[in-house]
Amino acid sequence: MKGGIYPDFHIPTEIFIKQDLIADIGNIISQYGQKFVLITTSSDFEQFSDVIETIASISTQHGIGCIIYDEIPENPDTEYIDSAVYFTKKSNCDIIVGFGGIESINSAKAVSLLTNNNLFCKDLFDVDEVNKPIPLITIPTQPIFGFEILPLFFITEIRNFTKNVYSNRYLFPKTTIIDPKISTILDDETTANSGISSLSIATESVISNKSNDLINTYALKSIDLIFKNLLNAYRDPKDPAPRHQLAVASIMSGFAFSITGLSISLSLSLALSSRIEIPIARLMGLILPHVMEYNLTVSSGKYVQMSKVMDENIKDITVIEAAIKAVEGVRKLEIDVEIPQRLSQFDFPKTELTRVAEIAFRYPFIENAPRPLSRDEIETILIAAY
C-alpha cells in the first residue's frame, strides 16, 4: 500500500460457521465457479472420506464438477505442491477447495496461487510479482489457529528441508466454511493441539507492538472462549457445542494475527518441526508458556488483561503477581489437556537447539515482539523449554 499505510483491520473473506453447514455447500461453492479440485492430504482423506464424499455428492447435485486430489502426504514439500498444480492446470478447474487440517489448507493456498502462475513452488519465495490466484475456499476440519482465513502458508522447501513461509494478500480465501460437527471425530490429542495453538496466537497478539484496541478485543475474546470450551471439547468429543466456540476462537485469533503478525511460538515450532516430526500445533502449545515467561516483565499490564478473561483471582495482588497468573493459567489448561511441557520429553537432542534458533530467527513472526529477540535470546527460550 502507498506510503506504507496499512488498515487497522481488513478481512475480505466470507465466513460461514454453522453445524451441518456441509448440507448447504453446493449453494456456497456455486457462487464462485462450476468446477473445483478439492485438495487434501492422504491422511485427511482417509479420516474424513465420508465427509468428502458428501461434499462431492452435494456439489454434483448442484451441477458443480468436483475432482478430489488426495496425493499430498502428511508433511508435503514444494515438489508435491508442483505435482498438484500440474494436475489442477490439466483439470481446467475454476475453484480450489482446501479441506482438512493445516497441511491440507496450506497446500490448497499454494496450489490456488500457482495454478494461475507459471512458477514452481520453490520459486515463489524469490519473486515479488505474481498473478492473482484462482478462487480459494477453505473447509477446515478443526480449528487451525487462524490459518483458515490468513493470506499466508508454510511449506517444506525441498532444497533445504526447512519450513518456508509465503505471504501475499491475494491469498485471502474467498470463503471459509466451518461445520463444527466435522471435528467431533477427531482424537483427543488433535482437539487439544488445535485449541492450544489458537490460544498461542491469541496471547501473543495481545502483546504485539502492532496490537490495537480492536484487535485486542478479538484476541482476548478468543482466549476467553478457549478457556471456557477446550476442556469440555476434550472430555466430550461428540458434543459439537464447545467445538463451535473453539472454531470461533480460531477465527478470532486469525483476525488478530492478520494485523499483529506476532507469534514467537509459531516461529520456534516451524523451526523445530524442520528437525523433528511433531505436529506444529503441539509444539506451539509446548513453547507457549516459555514465550509468555520471556515477555512477562515488559507486558505485565496486558498479561493482567489475560488473567481476567481466564477467570484468575487477581484481587489484592501486585501487577506482576497478576501477570504470572496468566502464565500459570495457560500451564494448568495445557496440563489438563495433556500438552507436553518439555522438549526433553521427545527424542530430540539438545545440541540441535542452536540450529533451531538460527532457523526461527529468519521467520517474520518475531518482528513485532514487545521485547527484542536475537538468535541467542531465541535459543534461551528453547533451552528453558528443554
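## Burial and residue Asn 229

A residue is called buried when its relative accessible area is under 20%, exposed when the value is over 50%, and partly exposed in between. In this predicted model, Asn 229 has a relative accessible area of 11% and is therefore buried, given that buried means under 20%. Asn 229 belongs to helix H7. Leaving aside residues up to four places away in sequence, Asn 229 is in contact with Pro 242, Gln 245 and Leu 246.

## Ser 250 in helix H8

Ser 250 is part of helix H8. Its relative accessibility is 0%, so Ser 250 is counted as buried. When residues up to four places away in sequence are set aside, Ser 250 touches Pro 143, Ile 144, Phe 145, Gly 146, Glu 148 and Ser 198.

The structure contains 2 cavities of 30 Å³ or more. The largest cavity has a volume of about 70 Å³. Its lining is made up of Pro 140, Thr 141, Gln 142, Pro 143, Glu 148, Ile 178, Asp 179, Pro 180, Ser 183, Arg 243 and Ala 247. By residue class, this lining comprises 5 nonpolar, 3 polar and 3 charged residues.

The second largest cavity has a volume of about 30 Å³. Pro 143, Ser 183, Thr 191, Ser 194, Arg 243 and Leu 246 form its lining. At least two of the lining residues come from each of helix H6 (188-207) and helix H8 (240-260). The lining of the second largest cavity consists of 2 nonpolar, 3 polar and 1 charged residues. Pro 143, Ser 183 and Arg 243 are among the residues that line the largest cavity, and these residues also line the second largest cavity.

## Helix H9

Helix H9 covers residues 264-273 and is mostly covered, with 10 of its 10 residues buried. The buried residues are Ile 264, Ser 265, Leu 266, Ser 267, Leu 268, Ser 269, Leu 270, Ala 271, Leu 272 and Ser 273.

## Helix H11

The buried residues of H11 include Ser 300, Tyr 303, Val 304, Met 306 and Ser 307. Viewed down the axis of H11, the buried residues fall within an arc of 160°, so they line one face of the helix. These buried residues pack against H6, H7, H10 and H12. After H11 comes Asp 311, which has a positive phi, near 65°.

## Helix H12

Within H12, Ala 322, Ala 323, Ala 326, Val 327, Gly 329, Val 330, Leu 333 and Glu 334 are buried. These residues cover an arc of only 155° around the axis, and therefore they lie on the same side of H12.

The cover over the buried residues of H12 includes H6, helix H7 (213-235), helix H10 (280-295) and helix H11 (300-309). Lys 332 and Ile 335 are exposed on the other side of H12. Just after H12, Glu 338 has a positive phi of about 60°.

## Positive phi in two loops

Most residues other than glycine have a negative phi. Asp 20 is not a glycine, yet its phi is positive, at about 65°. Asp 20 is located in the loop between strand E1 (14-17) and helix H1 (25-29). With a relative accessible area of 38%, Asp 20 is partly exposed.

Phe 161 likewise is not a glycine and has a positive phi, of about 55°. Phe 161 lies in the loop between strand E6 (152-156) and strand E7 (163-167). Its relative accessible area is 52%, so Phe 161 counts as exposed, the cut-off being over 50%.

Definitions and conventions
Residues are numbered from 1 along each chain as its sequence is written. This is a predicted model: local features need pLDDT of at least 70, side-chain atom pairs count only at pLDDT 80 or more; totals for chains, interfaces and linings use all residues. Side-chain values use heavy atoms; hydrogens and water are left out. On a 1 Å grid over the protein atoms alone, a cavity is a set of points where a 1.4 Å probe fits but cannot get out, and a pocket is an open set with protein on both sides within 12 Å along at least five of seven lines; lining residues have an atom within 4 Å of a point. Grid points are joined across faces, edges and corners, and a volume is the space filled by probe spheres set on the points. Ala, Val, Leu, Ile, Met, Phe, Trp, Tyr, Cys and Pro count as nonpolar, Asp, Glu, Lys and Arg as charged, and the others, Gly among them, as polar. Helices (H or I, at least four residues) and strands (E, at least two) are DSSP runs, numbered from the N terminus. Buried means under 20% relative accessible area, exposed over 50%, partly exposed in between (1.4 Å probe, protein chains only). The arc is that of the directions from the helix axis to the C-beta atoms. Contact means heavy atoms within 4.5 Å.
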